[in-house]
Amino acid sequence: MEYLLDLIWSAVLLGCTYTLVAIGFSLFFGVMDVVVFCCGDIAIFGAFSILASYTILNSLGIMTAWPLLLVILLLLLIGIIFCMALGLLTHRFSIKPFEKSSALMPLLSTIALGTVIREVIGLMFMPATNGLADVVAGENAIHVVSGRNPQSFPSLLSLGGSTDTRNIIIVAVTVVILLLLFFFLNKTKMGLSMQAISQNKELSLMTGINVSRSIVITFVIGGVVLAISGFLLGNYQTIMSFDNGSMFGIKGFSAAVVGGLRNTWGAILGGMLLAFVEVMVSGYVPNGSAYASIIAFVVVVVFIIFKPEGIIGEKTVEKV
Amino acid sequence: MALLETKDLSINFGGLWAVKDVDFTIDSQEVVGLIGPNGSGKTTFLNIISGIYPATKGTVHLRGEDITGLKPYEIFKKGMSRTYQSSRLCWDLSVVDNIMAGLVTKQKAGFLDVILRPKKTNDEIYQSVQECMDMISYFNPKLIDRRYELTKNIPHIDRRRIEISRALVGHPAVLLLDEPTAGLNDEETMSMMEDIRKIKEKMQDICIIIIEHDMKVMESVPQRIVVFNAGMKIAEGLYKDVVKDPDVVHAYLGGAAV
């Protein structure tokens with residue numbers, strides 16, 4: 001029983017990180033009808049910018065001089081600024097030029113941009129054996145089998161070395177972000193404008209909504225959500241590799257599709273479902289962690305076949 | 001000075017002049033009908049003056065102010081409002097919410113007001129709802145009882161009325177109606193004509209540009225008709241004169257008819 005509870009807990013934690021990336025996907029898709037495929041890479045870029053800032057702050061002695069909470073907020077702010085900037089650059093150079101071409105173009109260009117981001121991170125973070133040694137050594141040795149330059153992520157949230165506080169913080173932060181996002185999207189004029197653009201662009205144009213400004217703001221908000229998801233994933237995995245963004249992005253996208261693209265609640269359900277499948281397969285199937293992703297993606301395929309509109313997505317009927 | 005005036009207005013799509021050198025004026029209180037065969041550039045013309053397409057050349061002036069090249073939301077704020085040929089409603093929003101979309105730029109409540117909900121915000125929302133209800137009840141009082149129903153459950157003609165109410169609720173100076181009777185049967189077309197007359201009664205200063213294929217509507221609603229063909233204005237005047245114009249007959253029926 002305790003084992004099951006542990007698994008559920010792990011699934012919720014993993015689900016939280018997937019959910020946030022999935023929300024990034026559905027935000028962008030909702031407002032622009034475009035799949036921004038480099039969401040995962042933007043999130044990991046945020047995580048790495050936090051990692052780099054941590055190293056700098058540490059060398060300056062700020063880590064010990066300032067209270068931990070302040071440092072965490074500062075690091076998070078840096079990650080958010082980087083992700084926002086990257087999100088805006090993505091929009092400017094990878095999506096806007098293709099506004100009038102087919103939806104395939106921004107899809108391809110963001111896949112390409114994702115590869116660029118990934119490789120740039122890989123070049124900037126050469127093997128850091130010092131950082132890694134701490135994590136790999138000891139009785140809870142972690143064997144890193146994939147990734148060229150794995151880096152250890154500072155365990156900022158594990159106050160007093162306990163992962164319990166970290167886990168609670170991950171869930172709490174996700175819930176707060178979801179609530180804020182829900183409030184923003186449903187109660188503020190800007191959030192409602194974003195939804196209006198997603199539902200009916202011509203209507204938005206002629207009710208006085210500044211569509212291009214709303215799109216920019218979507219990228220800013222998406223950047224914030226992705227930075228936080230990268231930060232939480234870093235804390236959860238404790239080891240980050242430059243190419244994590246690829247798988248992380250695909251999982252987030254799958255979660256968004258399973259839940260129903262466009263739908264924020266769907267992103268939560270999709271993220272949790274995917275995480276539960278993965279964790280349960282790892283936990284109960286002998287040697288299951290090798291199959292976890294396979295089964296998770298089989299679930300995605302099944303969903304695409306039988307419920308392509310997603311768990312709570314609505315069927316769209318094109319009138320001819 | 002005309003309320004809305006275009007000079008040499010043209011747009012080129014990849015070598016094709018969809019609208020070419022159109023000079024057009026409309027004064028306040030006027031209702032002008034645009035007719036022309038399919039693909040003659042009527043809707044494109046509306047799309048240029050409402051800012052959706054940028055003009056390749058020419059100018060648009062509203063109350064003497066050059067609005068050429070402004071974005072649709074800026075033109076909306078200057079007092080031009082429109083409906084589309086096919087429904088542009090949010091199906092999952094209620095009747096009143098759809099109409100309220102027309103007031104969104106006029107509402108002052110900011111981020112904090114929405115959280116704290118001071119009295120002035122509540123009053124503003126209440127007043128907006130009231131304005132929307134006044135507007136829709138003018139066209140169909142029965143919709144008041146259905147105000148919280150989703151628009152996807154509302155009959156087609158009432159959806160049209162909701163769209164017109166949304167366009168009117170912000171009290172625009174110019175209203176552009178793109179085929180308001182599309183998809184309506186004869187009886188409904190008659191009541192839509194009546195509705196357009198009601199708009200004139202309620203808002204006397206408003207000027208309306210209406211695109212319509214139904215000649216019954218064109219005969220009785222607009223004071224003046226402008227005829228488009230192949231992107232150009234080929235005739236202008238009273239309905240009874242325009243329909244006899246040889247160029248117009250030629251455009252509609254081909255060379256043999258003349």
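This is a predicted model: local features need pLDDT of at least 70, side-chain atom pairs count only at pLDDT 80 or more; totals for chains, interfaces and linings use all residues.
Residues are numbered from 1 along each chain as its sequence is written, and chains are lettered from A in the order in which they are written. Local features need pLDDT of at least 70, side-chain atom pairs count only at pLDDT 80 or more, and totals for chains, interfaces and linings use all residues.

Let's start with chain B. Its secondary structure comes to 10 helices and 10 strands, taken as DSSP runs (H or I of at least four residues for helices, E of at least two for strands) and numbered from the N terminus. The radius of gyration of chain B, 19 Å, is close to the 18 Å of the globule rule for 258 residues, so chain B is as compact as a globular protein of that length. That radius is taken over C-alpha atoms, and the rule is 2.2 Å times the number of residues to the power 0.38.

Now turn to chain A and find helix α4 (residues 68-95) and helix α10 (residues 211-237), whose axes come within 7 Å and cross at roughly 135 degrees. Axes are lines fitted to C-alpha atoms, for helices over the stretch in contact, and angles run from 0 to 180 degrees between N-to-C directions. The two helices of chain A are therefore oblique to each other; angles under 35 degrees count as roughly parallel, over 145 as roughly antiparallel, 65 to 115 as roughly perpendicular and the rest as oblique.

Finally, where do the chains meet? The contact takes 14 residues from chain A and 18 from chain B, with two residues in contact if their C-beta atoms, placed from the backbone, lie within 7 Å. On the side of chain A that touches chain B, α8 (189-199) and α9 (201-205) of chain A each supply at least two residues.
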